[in-house]
Amino acid sequence: MVKEDEEYSEEEEEEDYRTENRGNISAVFSVISSVLSGFVRNWRCFKASVMLNVPSQSFPAAGSQQRVAPAGQSRNKVALKPGHSLLDWIRLTKSGRDLTGLRGRLIEVTEEELKKHNTRNDCWTCIRGMVYNVSAYMDFHPGGEAELMRAAGIDSTDLFDQVHRWVNYESMLKECLVGRMAVKPSPALQAQTEKTESTHLNGLCAPPPLKLEPLSAPPPAKDHRPRYDWFQTDGTVNIVVYTKRKIPSSGCAVVDLQGDALRVEMLLGKMSYLLYWRLSGEVQGRVDVQTAHSVGKVQVCLRKSAKDKWTQVGQPLDLHDTFTQCKDRGLFYRECVLVSKTEVTHDTQVLRLQLPPGSRMQVPVGRHVYLKTSVQGTDVVKPYTPVDQTLIPPAQSSAEMGLHIHLMIKIYPDGVLTSHLANLPIGAGLSVGGPEGSFTMRALRDVTHLYMLAAGTGFTPMARLIRLALQDLTLLRKAKLMFFNRQERDILWCSQLDELCTKEERFEVEYVLSEPADSWKGRRGRIDACMLQNFLERPENSKCLVCVCGPTGFTELAVQLVRQLDFSEEEIHIFQG
């Protein structure tokens, strides 16, 4: 039997991934990772490193298997069936099809369990501690089915290294990831974990390995604390954070390089993991961040100003390497620049703020940030929930994420902050703090029906939630928004919501106006029990979540009515600024 491994979820742990950093190659791959070559080439920061902590002076090295095979040496390529090219594999992995058979769950796999999956239509294999279901890849493998079946039901790390050690299989097979391998530590390794002093790698603490027991025994105590490592090349310093859980598509990293101080924060559900140094040497002002979402790895790249060898990342600053509740962290601000204003309605704008070159802010869905500015000599602070540039924006690479923040703001003529923002010129500075908020991905686990009740700018947390639900929730059957406004002209992103309804059959929106024109054909009035009874369906074998956001009076009444319809506290989430 396999054991469900909830350690990949938000507030639980994952053992050491045994993941190594790999360099890029420009040769055309004829093996299972060729589809990701373009992605790998974009990891500019990691070009000179082949193995973690081992800078390479020549890559690929002479005699490396990463070089072109010698003349006359067979690559064992076979003719692929029509419709099974590399591009076809790309399309398949992006189609949303469940390639693991586990409906998005990640599990822990014993050696005994791995051996059971050794047939053509049920083929699992283990590479460097991670288990993949490669059944769907059989007909796409350039080496043929027979070659891939050599890895069926076994730890194929050595076999893999003999043929294509250089391949970034983590990215190539990320949609095939079953989970991690349960490996019993050796007696020597067990003794090592009982020492009071931690071992060190590159001057930094390494985590104790996880002690795993047979599946029949009670589960061992789990260390859900993230860990980090670092490595350097002649021109870069790279910090690698292993979060020990899957990372949502919206990301979790907040990075700030201010002068010679580097602050790296991972927002992991209700928890925050912080790294904070006074750097050992000078670096250029820009940082790059890469995220491997499926394995929970974040890599931060700094560019050295001089090609010096560092002995450590730097001197730890206050609260360095701490893991605590997000609510217990103090606000950290960075100075952003207003680069554009876009009109949404007659009284609402989207402000686009550009972060400084040394900052990246990946705001998790449902979290808010704080705007701070000086108005007549007084600091004024107010929370706002970021939106995307549009309701369903173009896909971004992890390197592009977190460069800008978009805030949808309603301008009140007598509002101290909003009237100031309305008159703020392009190029002006604004301090942005956070992110903060209580919403976590745990609330969405196994949700089949997502209901959203929003009034006015209470729509802002729903905007990104809609996108996340439709793109990331594999079990989702329906996402419905009931959107309350005064007049038709007040409806935010109305045309985009309508367009999404026509393109996505799982999404529905219903507008309710309290002061409609005579020509309005939609719902009229204010929120009431009858309205919600028809809207909040509970089909058989469903799991529902109701999210509410709006003015205080609206929110209190909406939550009261939802509770009267027998929705539990676990099925209701209130977004509050």
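Buried residues have under 20% relative accessible area, exposed ones over 50%, and partly exposed ones fall in between (1.4 Å probe, protein chains only). The legends below describe a predicted model, in which local features need pLDDT of at least 70, side-chain atom pairs count only at pLDDT 80 or more, and totals for chains, interfaces and linings use all residues. Residues are numbered from 1 along each chain as its sequence is written, and side-chain values use heavy atoms, with hydrogens and water left out.

**View 1. Overall fold of the protein.** The protein has twelve helices and 33 strands. These are DSSP runs numbered from the N terminus: helices are H or I with at least four residues, strands E with at least two. Of the 577 residues, 51% count as buried. Among contacts (heavy atoms within 4.5 Å) with a separation of 6 or more, 74% are between residues 24 or more positions apart.

**View 2. The D388–R464 salt bridge.** A salt bridge places a side-chain nitrogen of Lys or Arg within 4 Å of a carboxyl oxygen of Asp or Glu. The structure holds 25 of them. In the pair D388 and R464, the closest N and O atoms are 3.7 Å apart. D388 sits in the loop between β25 (386–387) and β26 (404–410) and R464 in helix α9 (residues 460–472), so the bridge ties together parts 76 residues apart in sequence. Both D388 and R464 are buried.

**View 3. The E537–K480 salt bridge.** E537 pairs with K480, with 3.7 Å between the closest N and O atoms. The bridge links distant parts of the chain: E537 is in the loop between α11 (529–535) and β32 (544–549), K480 in strand β29 (residues 478–485), 57 residues apart. E537 is partly exposed, at 42% relative accessible area. K480 counts as buried, at 7% relative accessibility.

View 4. E504 forms a salt bridge with R506; their closest N and O atoms lie 2.9 Å apart. E504 counts as buried, with 17% relative accessibility. Elsewhere, salt bridges link K81, R120, D139 and E145 in a network.

**View 5. Cysteines without disulfides.** A disulfide is a pair of cysteine sulfur atoms within 2.5 Å. The structure holds zero. What separates C549 from a bond with C547? The C549 sulfur is 9.7 Å from its closest cysteine sulfur, in C547, which is too far for a bond. C549 is buried, at 11% relative accessible area. C530 is exposed, at 52%.
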